[in-house]
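Here is a short briefing on a sheet and a pocket. Have the structure open as you read, and let's start in the strands.

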Amino acid sequence: MIKKIRRLLLYPFEFVARFTNNIYETLVYFTTKRLTSPNGIVRLSSSLGEKRTLRILGNGKSLSDKIDAWSDRDENEYMVVNRHVLSDSYTLIKPRFYTLADSHFYLHEEGLSVLAQINTLTQWEMFLFVPYEPAARKAMAEIVLNPLIHICFYNSGTYKGFSCVRKWLYDKNLSMPVSQNVLVASLYISLYLGYSNIELYGVEHSWTRCLFVNENNEVCLENPHFFDKESAPPKTWKEIQHEDAHIHNVLRMYAQMFDSYWEIKQIAQRRNAIIINKTKDSFIDAFPKK
């Protein structure tokens, strides 16, 4: 009885607190985010013709087991991410889509060199998805000059206010779940391109197995990729992300990433789409595995 009375007394204050916070998040989002046209992905979707199965290829080590068999562009579409261009398979697969999400690719020298390779090696029509950020737009204008590559900017910000407004913004391509990993952005874009059958490869997401803290209390990660020619030594978090982070920060980011996949699953269900995780031993538990 006392607990019920306490809840009744606190409810008005909790409601006001939540409402005030949602108003704050709404004002912050619409006053600080520069948004591109919400119709870009929809227009592209209508021009793609018949939708086949879309295979999204992550950069996990397991991808090397499958790559030689994936030149069947007549049967499936492909989307690749991040540094896939460094793989010998890039020109074999000839992906139709390429997605970037990390600012590293338009703010740092190594990332800019990846852009340059995409520009040079792509000899087929391809759509390159990039966050709608000033630095990204500048890098695209200066580096990606290949006429076969169509730059598609997307709104990568995440609205955290009213749930009904968040759902509306997702459906209008004005916001997306937190893209802590490029796969979140890739899945979101794929769903709004109209693909109803999506398969995931090379998305182990098992970094917690390779995460440790060294003698200097620096968070370190061993992060093997399928295109690595030889084993690379572990790197500190600062070397990877260009900023320091403590272990609790890193684990919190991982938790947010996995939570975003459950949001993606809800979007897929609303759009009658199926996402199948084909990656053996993947830590992603939001999508069925086959």
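This is a predicted model: local features need pLDDT of at least 70, side-chain atom pairs count only at pLDDT 80 or more; totals for chains, interfaces and linings use all residues.

Residues are numbered from 1 along each chain as its sequence is written, and side-chain values use heavy atoms, with hydrogens and water left out. Strands (E, at least two residues) and helices (H or I, at least four) are DSSP runs numbered from the N terminus, and two strands pair if DSSP finds at least two bridges between them.

**Around β1**
- β1 and β2 (residues 76-81) run parallel, joined by 5 bridges.
- With β6 (residues 197-201), β1 is also parallel, through 4 bridges.
- Two pairs to look up here are L54 with I198 and I56 with L200.

**From β6 to β10**
- β6 is largely enclosed by the rest of the structure, because 4 of its 5 residues are buried.
- Strand β10 (residues 274-277) runs parallel to β6, with 4 bridges between them.
- N197 has I274 of β10 opposite it.

**The whole sheet**
- The order is β5-β4-β3-β2-β1-β6-β10, an open sheet of 7 strands with parallel pairing.
- β5 and β10 are the edge strands, each pairing on one side only.
- On average, neighbouring strands are turned by 25 degrees against each other, direction ignored; axes are lines fitted to C-alpha atoms (for helices over the stretch in contact), and angles run from 0 to 180 degrees between N-to-C directions.
- β3 (residues 97-99) and β4 (residues 126-131) pair in the parallel sense over 3 bridges, and F97 has F127 as its bridge partner in β4.

**The second largest pocket**
- This pocket (an open set of 1 Å grid points over the protein atoms alone, where a 1.4 Å probe fits, with protein on both sides within 12 Å along at least five of seven lines) has lining residues with an atom within 4 Å of a point.
- Its volume, the space filled by probe spheres set on the points, is about 150 Å³.
- α2 (40-47) and β5 (149-154) each supply at least two lining residues, and α2 gives the largest share, 4 residues.
- Lining residues include R43, F153, N173 and Y188.

Note on methods. Buried means under 20% relative accessible area, exposed over 50%, partly exposed in between (1.4 Å probe, protein chains only).
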